[in-house]
Amino acid sequence: MATKKKTKKTQIQLVKGMKDILPDEQLYWQAIKEKVFKAARDYGFSRIDTPAVEFTNLFKRTVGEDTDIVSKEMYSFVTPGGDKLSLRPENTAGVVRAYIEHGMLNLPQPVKLFYVGPQFRHDKPQAGRYRQFWQFGFEAIGDDDPVIDAQVIAISYNILKELGLETEVQINSVGDKESRSAYMKILKQYYQDKKKDLCVDCKKRLTKNPLRLLDCKVAKCRELALEAPQMVDHLSDDAKDHFMAVLEYLDEMEVKYNLDPTIVRGLDYYTRTAWEIVELGNEGKLQALGGGGRYDDLAELLGGRPTPAVGFAMGMERIILKMQENKIEVPKIKDYDVFVAQLGIEARKKAMKLFEELREDDFRVTESMSKKGLKDQMDIANKRGAKYTLIMGQKEISDGTVLIRDMESGVQEIIDYKKVKNELRKRLEKKNQDA
Ligand code: ATP
Ligand code: MG
């Protein structure tokens with residue numbers, strides 16, 4: 001018989017690059033989501049949720065095989081059934097796949113969709129950079145009017161402004177297909193005699209996808225990128241008119257922006273307008289809060305009809321980081337009107353019943369039934385912002401009454417158990433009027 005080896009169980013820990021979102025931090029998440037939902041309502045965007053898992057090819061075809069995201073950062077796997085799948089590194093491709101698959105081109109255009117959800121990239125973990133991170137994004141599909149670009153930009157800018165963050169938009173045009181291929185040749189020429197100064201990745205990028213060179217964060221590459229010929233000087237008339245119109249609308253909406261010829265974005269599918277949004281005074285391309293652009297060719301890449309579209313994605317952890325750095329406070333949730341307190345085992349049973357009844361009747365009611373002392377319960381009631389506490393003890397049960405305490409004034413009154421709800425309603429209404 002094998003002897004049992006005594007092994008010390010090691011503690012299982014969080015996977016590297018992942019993050020628990022604890023209750024205290026949820027206040028920030030809630031604050032952001034509220035602004036997102038409000039913007040969606042105001043600008044007429046409907047929510048879409050696509051799966052976290054898609055065919056790997058979806059991202060290869062759209063984001064691009066030579067991008068960092070697809071070549072280095074994707075969590076890809078083969079299922080027992082032999083399917084090649086990936087955890088989504090971004091959400092635009094999934095949204096456009098859904099648009100095509102569900103025939104949304106038959107709806108009035110543009111179809112305006114927004115999402116909030118986790119994305120997965122095998123990035124190098126650090127502050128503001130995780131391997132599962134959350135994005136919210138807005139996509140307007142089926143319209144090529146520059147006013148939509150400007151509006152979509154304004155949405156992200158305004159959400160951040162409402163959250164208390166001062167930002168600016170770093171904007172560029174990456175042109176349409178024709179103007180871009182001409183520009184890429186010019187770019188290649190420019191880099192030809194500078195090859196030796198480029199980082200390893202950029203040396204490869206030069207043959208495969210020279211636009212990517214402009215996006216590199218390595219200091220020397222960045223220096224060269226700033227001196228490089230600019231896309232805006234090589235735009236087709238169409239692309240140029242479109243870009244100028246976007247800028248005019250942004251002026252009108254008082255969105256702060258800077259022209260930045262090195263913005264090309266880390267994904268291949270962008271055409272014409274491309275932008276990133278950064279904290280004001282932090283335009284050094286360190287960590288953008290979000291970015292977006294037009295992606296007029298994406299639907300076609302997925303086998304759909306040519307469908308112009310524009311959208312953005314914002315990183316929620318980075319927004320929270322900035323809010324914390326700037327000491328922006330988020331409102332504490334103090335959503336309770338009533339606390340039900342109890343003293344003694346019999347009273348506790350009755351109090352539990354009362355709590356359930358109040359809940360069913362949609363009172364904003366709370367409790368802490370496992371606590372025995374009244375002082376403990378009062379402290380909790382105060383912390384949760386309850387306006388009234390209903391107290392039940394042995395005496396109240398025998399008399400068929402409840403003690404109601406006004407938490408502000410400390411005044412306590414005896415009321416008939418049967419009249420509790422009416423009394424509460426009356427008093428709460430009066431308190432709300434006085435407030
Ligand atoms: P970066 O250059 O910082 O890697 P990116 O260009 O890869 O960003 P996008 O694909 O534009 O990022 O995604 C939009 C936003 O999503 C980013 O601006 C950022 O706020 C957020 N984001 C991207 N990757 C991460 C990550 N690994 N962890 C946290 N947030 C991220
Ligand atoms: Mg990245």
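Two strands pair if DSSP finds at least two bridges between them. The legends below describe close-up views of a predicted model.

**View 1. The sheet and its edge strand β1.** Eight strands make up an open sheet of mixed pairing, in the order β1-β5-β6-β11-β10-β9-β7-β8. At the edges stand β1 (46–47) and β8 (257–259), each with a single partner strand, so one side of each has no neighbour in the sheet. For β1, the link to β5 (residues 111–120) consists of two bridges, and the two strands run parallel. Within this pair, Arg-47 is found opposite Phe-114 in β5.

**View 2. The surroundings of ligand 1.** Around ligand 1 there are 16 residues, and the closest are Arg-121, Asp-123, Arg-129, Tyr-130 and Lys-217. Sorted by class, this shell holds six nonpolar, four polar and six charged residues. Two strands of the sheet, β6 (132–141) and β11 (309–315), each contribute at least two residues to the shell.

View 3. A nitrogen atom of ligand 1 lies 2.8 Å from a backbone N or O atom of Tyr-130. Ligand 1 taken alone exposes 580 Å², and the protein buries 92% of that.

**View 4. Helix α11 and what covers it.** Arg-318 belongs to α11, where it is buried along with Met-316, Glu-317, Ile-319, Ile-320, Lys-322 and Met-323. Because seven of the 10 residues of this helix (residues 316–325) are buried, α11 is largely enclosed by the rest of the structure. The cover over its buried residues includes the helices α1 (23–43) and α5 (146–162), together with the strands β5, β6, β9 (271–279) and β11. After α11 comes Lys-327, which has a positive phi, near 55 degrees.

**View 5. Thr-67 in a loop between two helices.** Thr-67 sits in the loop that lies between α2 (56–62) and α3 (68–72). Is Thr-67 buried or exposed? Buried means under 20% relative accessible area, and Thr-67 counts as buried because its relative accessibility is 0%. A polar atom of the Thr-67 side chain lies 3.3 Å from the backbone nitrogen of Val-70. Leaving aside residues up to four places away in sequence, Thr-67 touches Lys-72, Arg-212, Gly-266, Leu-267 and Asp-268.

How values were computed:
Residues numbered from 1 in each chain as written. Chains lettered and ligands numbered in written order. Predicted model: local features only at pLDDT ≥ 70, side-chain atom pairs only at ≥ 80, totals over all residues. Heavy atoms only, no water. Helix = DSSP H or I, 4+ residues; strand = E, 2+ residues; numbered from the N terminus. Buried < 20%, exposed > 50% of the residue type's maximum accessible area, 1.4 Å probe, protein only. Polar contact = N/O pair within 3.5 Å; in protein donor to acceptor, adjacent residues only side chain to side chain. Contact = heavy atoms within 4.5 Å. Near = heavy atom within 4 Å. Areas by Shrake-Rupley, 256 points an atom, 1.4 Å probe, with all protein chains shown as cover. Nonpolar A, V, L, I, M, F, W, Y, C, P; charged D, E, K, R; others polar.
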